[in-house]
Amino acid sequence: MTTTHGASHGQGPFIAAIDQGTTSSRCIVFDRDGRIVAVDQKEHEQIFPKPGWVEHDALEIWRNVEQVVAGAVEKAGITAADVKAIGITNQRETTLLWDKNTGEPVHNAIVWQDTRTDALCKELGRNVGQDRFRRETGLPLASYFSGPKVRWLLDNVEGLRERAEAGDILFGTMDSWVIWNLTGGVNGGVHVTDVTNASRTMLMNLRTLAWDDRILSSMEIPAAVLPEIRSSAEVYGTAKGGALEGVPVASALGDQQAALFGQTCFDQGEAKSTYGTGTFMLMNTGGEPVQSYNGLLTTVGYRIGDQKPVYALEGSIAVTGSLVQWMRDQMGLIKSAAEIETLASSVEDNGGAYFVPAFSGLFAPYWRSDARGVIAGLTRYVTKAHIARAVLEATAWQTREITDAMTKDSGVELTALKVDGGMTSNNLLMQTLSDFLDAPVVRPMVAETTCLGAAYAAGLAVGFWPDTDALRANWRRAAEWTPRMDADTRDREYKNWLKAVERTMGWIDDES
Ligand SMILES: Nc1ncnc2c1ncn2[C@@H]1O[C@H](COP(=O)(O)OP(=O)(O)OP(=O)(O)O)[C@@H](O)[C@H]1O
Ligand SMILES: [Mg+2]
């Protein structure tokens with residue numbers, strides 16, 4: 001897939017962004033106006049060894065990254081000399097340990113959606129509860145985050161703890177893995193992560209931006225495996241080998257923080273919501289971390305060079321686009337993701353059906369790992385078209401729950417929601433979202449804000465763009481949806497949704 005816009009194509013210089021996502025890896029080449037010059041993308045295998053377990057083959061991912069970088073450079077018709085910097089963005093929390101002498105992963109990567117650490121998280125919260133590390137990390141104890149996944153690997157891979165303590169093993173999220181390989185791997189690769197990715201491990205202190213010794217010892221994770229924590233926009237090293245040989249690697253941001261950056265939410269109170277595999281709404285809260293009392297996460301938004309960090313409140317929804325994929329791949333009810341809109345549009349409403357996709361438990365605002373998916377309200381009347389509608393409504397209602405929590409925590413009333421990501425090409429979904437939120441929904445010209453944000457950060461680090469004002473000037477509205485639903489219908493439907501949510505909880509019994 002190649003996208004070419006405008007006449008500036010080929011004029012250079014350019015920034016390349018690598019997005020190592022949950023379902024695919026892609027590389028996009030951007031010009032100075034933030035326009036897409038070329039895209040290359042490749043999906044990787046989703047490995048489901050048991051119910052609730054999700055893994056990726058990290059070597060497959062690295063091979064794909066090398067291919068899409070070469071592919072994008074070729075499609076753009078440019079060479080490494082035309083590229084001023086490489087930015088990295090990635091699926092967050094997905095956890096990998098590898099041998100620093102051979103470059104071999106010791107196990108498949110454990111993906112963020114994986115629930116195998118449920119029992120471990122309960123154990124870690126014993127006596128104190130889910131908020132044991134919240135003050136330091138901004139996060140509740142949940143299987144979502146990396147720290148418990150590292151601990152699980154150390155406990156379950158034969159002989160690994162000894163090798164880790166001897167200093168032979170490196171831990172990283174996908175940013176670290178990509179940067180280490182890109183900068184030489186076993187031949188001098190740099191072992192770093194950025195503040196946004198580190199803030200999702202549950203091992204970093206949000207204020208000091210350093211690994212927290214007390215948490216490390218509580219989770220029994222040796223400090224020897226940890227990468228160095230760096231800013232989101234600064235030069236970490238240069239690419240060795242491959243299509244971008246010699247180009248500085250100059251940014252890393254978790255995908256959701258990258259989207260916040262790509263949407264140019266640089267002011268306190270600005271927010272965006274990204275609709276991909278899951279959906280993640282982040283609001284810039286400025287220079288101070290804001291504690292949530294309504295089930296949101298406190299996280300690092302970004303840090304440019306040696307400036308002060310910018311924090312964010314986040315509402316995370318585990319399953320949105322992946323529910324559409326599930327309808328396609330596991331149920332076979334549609335042939336392509338886009339077909340969900342056609343099917344859902346063939347009926348007027350949900351026919352009384354509500355689908356709560358708690359496949360990995362419920363994330364924000366509930367954080368219930370004992371929840372599992374439910375389709376509620378079924379009668380003989382319901383067709384696959386109603387289910388398709390319920391699938392789209394699930395994404396919109398889950399967003400509504402997050403915006404309600406955001407309003408309570410921040411005191412900021414939602415005036416409009418900036419959206420991006422693959423699902424925003426679905427018009428019915430965007431209209432439903434506006435209806436359920438009772439607020440306008442706006443989408444920018446470049447819906448690939450994740451890559452764009454990584455490119456922006458890398459470009460700032462090398463002086464390709466002078467400052468964030470220059471980036472803001474690139475933001476252009478492409479589409480807007482405004483509410484059409486009457487308040488009574490909205491309220492009644494919301495009540496039904498909340499009833500369905502209740503029915504997901506307590507499905508998994510306490511494992512002890
Ligand atoms: N027209 C559509 N209607 C509904 N969902 C869609 C549509 N097109 C794509 N999707 C969903 O959007 C998701 C892909 O969006 P996107 O490319 O932004 O995600 P992603 O960034 O690849 O995810 P990740 O980074 O997690 O790999 C898929 O889960 C797909 O099911
Ligand atoms: Mg993505």
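## Ligand 1 and its pocket

Ligand 1 takes up the space of the largest pocket. On a 1 Å grid over the protein atoms alone, a pocket is an open set of points with protein on both sides within 12 Å along at least five of seven lines. The model is predicted: local features need pLDDT of at least 70 and side-chain atom pairs pLDDT 80 or more, while totals for chains, interfaces and linings use all residues. Side-chain values use heavy atoms, without hydrogens and water, and residues are numbered from 1 along each chain.

## The shell

Ligand 1 is surrounded by 20 residues, each with a heavy atom within 4 Å of the ligand. Thr22, Thr23, Arg26, Thr277 and Gly422 are the closest. By class, the shell holds 6 nonpolar, 13 polar and 1 charged residues; Gly is counted as polar, and the charged class is Asp, Glu, Lys and Arg.

With 4 residues, α10 gives the largest share of the shell.

## Polar contacts

Polar contacts are pairs of N or O atoms within 3.5 Å. An oxygen atom of ligand 1 lies 2.5 Å from a side-chain N or O atom of Thr277. For Arg26, a polar side-chain atom is 2.8 Å from an oxygen atom of the ligand. Ser425 places a polar side-chain atom 3.5 Å from a nitrogen atom of ligand 1.

## Val412

Val412 is in the loop between α12 (384-410) and β19 (417-420). Its relative accessibility is 34%, so Val412 counts as partly exposed, the class between buried (under 20%) and exposed (over 50%), with a 1.4 Å probe and protein chains only.

Methods. Chains are lettered from A and ligands numbered from 1 in the order in which they are written. A polar contact is a pair of N or O atoms within 3.5 Å; within protein, one must be able to donate a hydrogen and the other to accept it, and residues adjacent in sequence count only if both atoms are side-chain atoms. On a 1 Å grid over the protein atoms alone, a cavity is a set of points where a 1.4 Å probe fits but cannot get out, and a pocket is an open set with protein on both sides within 12 Å along at least five of seven lines; lining residues have an atom within 4 Å of a point. A molecule sits in a cavity or pocket if more than half of its atoms lie within 2 Å of its grid points. Helices (H or I, at least four residues) and strands (E, at least two) are DSSP runs, numbered from the N terminus.
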